[in-house]
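This report goes through the symmetry, the domains and selected helices and loops of one model. The sequence and the coordinates come first.

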There are 2 protein chains.
Amino acid sequence: MQFTNSYKEESVIPDDSVVRPKVKIINCPIKTSLGILGKKWTLLIIRDIGFLKIQRFNRILDSIHGLTPRVLSMRLKELEKEGLIECIEETKSPTRVLWRLTDKGKDTLPILIMLTAFGSKWYSSIVFEDKMPRKLNEIFPQLETKKIFNTYINNS
Amino acid sequence: MQFTNSYKEESVIPDDSVVRPKVKIINCPIKTSLGILGKKWTLLIIRDIGFLKIQRFNRILDSIHGLTPRVLSMRLKELEKEGLIECIEETKSPTRVLWRLTDKGKDTLPILIMLTAFGSKWYSSIVFEDKMPRKLNEIFPQLETKKIFNTYINNS
DNA sequence: TGTTAAAACTATACAAAGTATAGTATAAAA
DNA sequence: TTTTATACTATACTTTGTATAGTTTTAACA
């Protein structure tokens with residue numbers, strides 16, 4: 001997925017109940033985020049590394065059906081270049097590498113959580129064994145779900 | 001973006017601080033959500049219809065640079081089939097159609113808001129005129145940002 | 001009463017991106 | 001010494017997306 005940089009999106013904003021930002025926006029932050037996160041496989045790779053703690057090249061390959069080594073290699077490089085992941089060398093004899101999220105990478109987790117929430121509500125019949133829709137606190141009772149979004153919301 | 005349905009992702013869950021769901025998951029909800037929302041242009045089209053209230057075929061085309069009529073036509077059909085958008089005929093003489101989000105479609109807005117938050121924090125230099133990172137309440141003071149997520153979080 | 005214009009697509013050829021398969025380099029374990 | 005594992009890289013092929021143009025319907029305009 002590639003997005004060009006020219007920006008026409010905010011030019012026309014009609015009136016009725018539009019969610020209108022109160023600060024001047026030059027480039028749409030959604031489009032900007034999707035420029036990195038919107039490519040095929042990228043969010044699943046972040047899910048593996050950050051959520052499931054599947055952090056090695058071949059483990060990720062095993063985990064994501066359809067993903068090929070070439071594309072995984074490209075995506076890891078892109079994510080590393082964008083500062084979302086970093087690699088730590090476990091050993092250097094049989095080159096053993098672990099990938100982990102940076103602070104910037106960790107800030108994508110609220111997006112993954114919202115994708116989880118959406119899927120758990122509207123696709124519960126294929127997601128859950130009992131086919132019942134669930135809210136986030138039912139899926140992750142150990143997480144203080146409201147605190148997840150503190151990075152992005154001021155508590156004033 | 002197309003994702004196959006076989007599910008191997010939850011098979012290996014190592015130990016340290018994995019976000020482990022407390023209910024049995026058959027298909028990953030993130031992968032499931034991305035099956036519909038993860039295709040190129042889809043989230044930008046939802047942004048137009050739901051956020052910016054750009055709701056007509058050619059208005060959306062004008063708004064999203066690089067999107068072609070063929071792909072827009074395909075995406076609108078996919079989204080309609082999946083029940084995320086519906087069309088209302090304004091007039092039928094010069095066929096004038098308006099697209100709007102269904103309740104299911106509106107439930108994708110928290111995902112868009114998180115993409116906004118991520119872009120506003122980490123790409124503020126290209127998003128905002130003054131290049132300063134911002135939290136959600138600063139961008140949308142009129143929105144009760146915490147309430148946006150009520151659909152997905154139990155208040156018990 | 002043509003002609004133009006707008007809306008909402010549809011068709012075709014072409015280009016970019018992703019996929020399948022196989023191969024490389026390194027080094028430890030059997 | 002052969003096998004296995006890790007982390008890629010290369011090549012050909014297939015799918016998907018892109019650019020350009022065309023179609024249909026009606027309505028307003030000259």
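## Symmetry of the two chains

Of the residues of chain A, Ile111(A) comes closest to the rotation axis, with its C-alpha at 2.9 Å. The same surface serves both copies, since 100% of the contact residues of chain A recur in chain B (contact means heavy atoms within 4.5 Å). Chain A is superposed on chain B by a rotation of 180° with 0.0 Å of shift along the axis, at an RMSD of 0.0 Å. That is the relation of a two-fold axis. The superposition is by least squares on the C-alpha atoms of residues with pLDDT of at least 70 in both copies.

The model is predicted: local features need pLDDT of at least 70, side-chain atom pairs count only at pLDDT 80 or more, and totals for chains, interfaces and linings use all residues. Residues are numbered from 1 along each chain as its sequence is written, chains are lettered from A and ligands numbered from 1 in the order in which they are written, and side-chain values use heavy atoms, leaving out hydrogens and water.

## Chain A and its domains

Chain A has eight helices and two strands, in the order α-α-α-α-β-β-α-α-α-α from the N terminus. Helices (H or I, at least four residues) and strands (E, at least two) are DSSP runs, numbered from the N terminus. Of its 156 residues, 53% count as buried; buried means under 20% relative accessible area, exposed over 50%, and partly exposed in between, with a 1.4 Å probe and protein chains only. Among contacts in chain A between residues at least 6 apart in sequence, 41% join residues at least 24 apart.

The domain assignment of chain A gives domain 1 (29-102) and domain 2 (108-156), with bounds from an automatic or database assignment. Their centres, taken over C-alpha atoms, are separated by 22 Å. Seven residues of domain 1 of chain A are in contact with seven residues of domain 2 of chain A. Between them the two domains bury about 600 Å², 92% of it on carbon and sulfur atoms; this is the accessible area (1.4 Å probe) that two parts lose on being put together, summed over both.

## Helices of chain B

In helix 4 of chain B, Val71(B), Leu72(B), Arg75(B), Leu76(B) and Leu79(B) are buried. Seen down the axis of helix 4 of chain B, these residues fall within an arc of 130°, so they line one face of the helix; the arc is that of the directions from the helix axis to the C-beta atoms. Arg70(B), Lys77(B) and Lys81(B), on the other side, are exposed. Gly83(B), with a positive phi near 80°, follows helix 4 of chain B.

Helix 6 of chain B is mostly covered, with 12 of its 14 residues buried, among them Leu109(B), Ile111(B) and Phe118(B). In helix 2 (residues 42-52) of chain B, 11 of 11 residues are buried.

The table gives helix spans; the expected span is 1.5 Å times one less than the number of residues.

| Helix of chain B | Residues | End-to-end C-alpha span | Expected span |
|---|---|---|---|
| Helix 4 (69-81) | 13 residues | 18 Å | 18 Å |

## Lysines with positive phi

Most residues other than glycine have a negative phi. Lys53(A) has a positive phi of about 55° and is found in the loop between helix 2 (42-52) and helix 3 (57-63) of chain A. Lys53(A) is buried, at a relative accessible area of 16%. Lys131(B) has a positive phi of about 60° and is found in the loop between helix 7 (124-127) and helix 8 (136-139) of chain B. Lys131(B) counts as exposed, at 51% relative accessibility.
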